[in-house]
Amino acid sequence: MRLTKGADMEIVDYLLSAEKEVREVTKVTDRYPDLTMEDAYELQQQLIDRKIKEGAKRAGVKLGLTSKAKQDMMGVHEAIYGYLLNDMLAFEWEPMESKQLIHPKAEPEIAFLMAEDLQGTDVTAEDVLKAVKYVAPALEIIDSRYLNFKFTLPDVVADNCSSARFVVGSKWVKPEELDLANVGMVMSKNGEVATVGAGAAVLGHPAAAVAWAVNKLGQRNEGLKKGDIVLSGALSEAVAFEAGDSIVAQFDGLGSVSFSCK
């Protein structure tokens, strides 16, 4: 299916207004059941272009569905990617406002800071590690605009993979100083352990996940840029939170990252 220009604009307006007005909407495929993944990435690009026109700046790239268990659950065989913008960056010392979010969930991630541009279609995990300056602990806040967090794969890609906010910890480590696949993680909510995970949950190795994203971007003649932050995918399942909650993720060798919600 190739969407008409009018349909493209209508869908982008629909998703942007849902985000700005902090309200749920029914999924796009209810109206366009034949929406393809190619259509979805095109819609995502238009949505990001619109945000940038309105003043946002690119901050990097994020991955989703990087665990085999999650892929099996969704009935898909590969990960997905979206974009991070500077207005999504949140800070540990500044409480998140629940009224700006619909039904948020927190995911623990390892963030990569790119030391140089990286583009291609046969990029390896080793290539990624050579191009990365530091890794750091991170939390991504996903907040699908779709009713009850229910959607198909093209729906979520069009909605920039449920991107909402992200928080990066203060400890930055050179990637060669860690065995990223074996980095353990414990995420707590209000002082109680909510979930645990490890780097290997992310396509076997977080750098392999980033390489997948570079190769996928390369098919659209795009890539990662120097200074980009890349969230390599969740080390465990997401944890829902609301006003009054606090989330802390602790990583072996990387320290911790946290936020609170008011």
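This is a predicted model: local features need pLDDT of at least 70, side-chain atom pairs count only at pLDDT 80 or more; totals for chains, interfaces and linings use all residues.
**Ground rules.** I number residues from 1 along each chain as its sequence is written, and I work with side-chain values on heavy atoms, leaving out hydrogens and water.

**Strand β1.** I took helices (H or I, at least four residues) and strands (E, at least two) as DSSP runs, numbered from the N terminus. I looked up β1, residues 58-64, and found six of its seven residues buried, so the strand is largely enclosed by the rest of the structure; buried here means under 20% relative accessible area with a 1.4 Å probe, protein chains only. For its partners I required at least two DSSP bridges between two strands. Six bridges join β1 to β2 (residues 80-85) in antiparallel fashion, with Lys 62 opposite Gly 82. Three bridges join β1 to β9 (residues 229-231), and this pair runs parallel; there Val 61 has Val 230 as its bridge partner.

**Helix α6.** I checked the length of α6, residues 206-218, whose 13 residues should span 18 Å at 1.5 Å a residue, and its end C-alpha atoms are 19 Å apart, which agrees; the expected span is 1.5 Å times one less than the number of residues. Twelve of the 13 residues are buried, among them Trp 212, Asn 215 and Lys 216. Taking contact as heavy atoms within 4.5 Å, I noted that the buried residues of α6 pack against α2, β1, β2, β4, α4 and β9.

**Helix α2.** I then turned to α2, which has 17 residues and reaches 24 Å from first C-alpha to last, close to the 24 Å expected. Its buried residues include Asp 39, Tyr 41 and Lys 51, and what covers the buried residues includes α1, β2, α5 and α6. Just after α2, I noted that Gly 55 takes a positive phi of about 120 degrees.

**Second largest pocket.** I recorded a volume of about 300 Å³ for the second largest pocket. Of the 16 residues that line this pocket, the closest to its centre are Glu 19, Lys 20, Lys 51, Asp 87 and Arg 165. A pocket is an open set of points on a 1 Å grid over the protein atoms alone, where a 1.4 Å probe fits, with protein on both sides within 12 Å along at least five of seven lines, and lining residues have an atom within 4 Å of a point. The volume is the space filled by probe spheres set on the points, joined across faces, edges and corners. α1 gives the most to this lining, with three residues.

Key
Buried means under 20% relative accessible area, exposed over 50%, partly exposed in between (1.4 Å probe, protein chains only).
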